[in-house]
Amino acid sequence: MKLILLGAPGAGKGTVAKLLTKMDGSVQISTGDILRAAVAAGTELGKQAQAAMKAGDLVSDDLIMGIMGERLKEDDCKAGYLLDGFPRTIPQAEALKVLLADMGEELDMVVDIQVAKDVILDRLTTRRTCEGCGEIYNVKSNPPKEEGKCDKCGGAVTQREDETEEAISNRLDVYNEMTAPLAKFYAAEGILVSVDATSSDAVLDAIKAKLAS
Ligand code: ADP
Ligand code: ZN
């Protein structure tokens, strides 16, 4: 399947994407993960993205399209992909449309995961991420077995730099202003599915039902 996951920070896009990869071998492509890896490795890309990310602002469309133009042409995309955190602006969605048309590909579905703001705020402040493999934990509902250590890879489980109260609030504002309009964009293309759900399993069930119909 070729799918876009839309939804505010903390809506559970990454968790749903990971569950979906287990269904049919599609790959999860998270621009946030790609950028964080570049920052950690200190590459030129990382240096260009770091300041915007720390503040919870968006990285430039040009930089993102450079990354995704390459990424979507890799072999592992042939089995399908789940785009998590991309596109995030109307210009990125327009550029993706051109890119896919050039490649002769079509999206199956755009899933807009809707979660109440108080749930999102609570999730983001309690979320912890593995610096090694990107696995997501929650200090309240899903802590690693050993505090601060990833169950999967043994990496350090920490709070993201952009998960301070100030950066979180900015990320939500940026989402509402820049990314939320994508729902209308994809509704007009006839491929939008909105899912109102608080658990990732419920979101998964709704997606499965839609794929089957
Ligand atoms: P979130 O939890 O906010 O959905 P992500 O991991 O998707 O976080 O992204 C983290 C940060 O990386 C964003 O706040 C932004 O600075 C940058 N970023 C990720 N994807 C994009 C994109 N498609 N366009 C612009 N910036 C992006
Ligand atoms: Zn890990």
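These legends walk through several close-up views of one predicted model.

Residues are numbered from 1 along each chain as its sequence is written, while chains are lettered from A and ligands numbered from 1 in the order in which they are written. Since we're looking at a prediction, local features need pLDDT of at least 70 and side-chain atom pairs count only at pLDDT 80 or more, though totals for chains, interfaces and linings use all residues; side-chain values use heavy atoms, with hydrogens and water left out.

**View 1**
Helix α9 takes in residues 200–212. The buried residues here are V203, L204 and I207. (Buried means under 20% relative accessible area, exposed means over 50%, and partly exposed is in between, using a 1.4 Å probe and protein chains only.) Looking down the axis of α9, you'd find these buried residues within an arc of 100°, so they line one face of the helix. That arc is taken from the directions from the helix axis to the C-beta atoms. Covering the buried residues of α9 are, among others, β1 (2–7), α1 (13–24), β4 (109–114) and β8 (192–196).

**View 1. Where α1 meets α9.**
Two packed helices are described by the angle between their axes and the distance between the axes. For α1 and α9, the angle is about 50° and the axes are 10 Å apart. (Axes are lines fitted to C-alpha atoms, for helices over the stretch in contact, and angles run from 0 to 180 degrees between N-to-C directions.) That makes α1 oblique to α9. As for the labels, angles under 35 degrees count as roughly parallel, over 145 as roughly antiparallel, 65 to 115 as roughly perpendicular, and the rest as oblique. The crossing of α1 and α9 is right-handed; a crossing gets that label if the near helix is turned clockwise from the far one by less than a right angle, and is left-handed if anticlockwise. On the α1 side, the contact is made by T15, V16, L19, L20 and M23, and on the α9 side by S200, D201, V203, L204, I207, K208 and L211. Contact means heavy atoms within 4.5 Å.

The 14 residues of α5 should span 20 Å at 1.5 Å a residue, and the end C-alpha atoms agree at 20 Å apart. Q92, A93, L96, L99 and L100 are the buried residues of α5. They cover an arc of only 120° around the axis, which puts them on the same side of α5. Over on the other side, V98, A101 and D102 are exposed. The cover over the buried residues of α5 includes β1, α4, β3 and α8 (182–188).

**View 2. α4 alongside α5.**
Helix α4 (residues 61–71) packs with α5 at an angle of about 30°, with their axes 10 Å apart. The two are therefore roughly parallel to each other, and their crossing is right-handed. Here D61, I64, M65, M68 and G69 in α4 meet P91, Q92, A95, L96 and L99 in α5.

Going from F86 to P87, the peptide bond is cis, with omega near -5°. You'll find P87 in the loop between β3 (81–84) and α5 (90–103).

In helix α6 (residues 117–126), I120, L124 and T126 are buried, packing against β5 (127–130), β6 (136–138) and α7 (165–179). α6 and α7 pack at an angle of about 140°, with their axes 11 Å apart, and are therefore oblique to each other. Their crossing is right-handed. K117, I120, L121, L124 and T125 in α6 meet I168, R171 and L172 in α7. I168 is buried, with a relative accessible area of 2%. Not counting residues up to four places away in sequence, I168 touches L121, L124, T125, D162 and E163.

**View 3. T129 in strand β5.**
T129 sits in strand β5 and is buried, with a relative accessible area of 10%. T129 and A156 are 27 residues apart in sequence and 8.3 Å apart in space, C-alpha to C-alpha. Leaving aside neighbours within four places in sequence, T129 is in contact with G134, E135, A156, V157, T158 and R160.

Note on methods: Helix = DSSP H or I, 4+ residues; strand = E, 2+ residues; numbered from the N terminus. Expected span 1.5 Å × (residues − 1).
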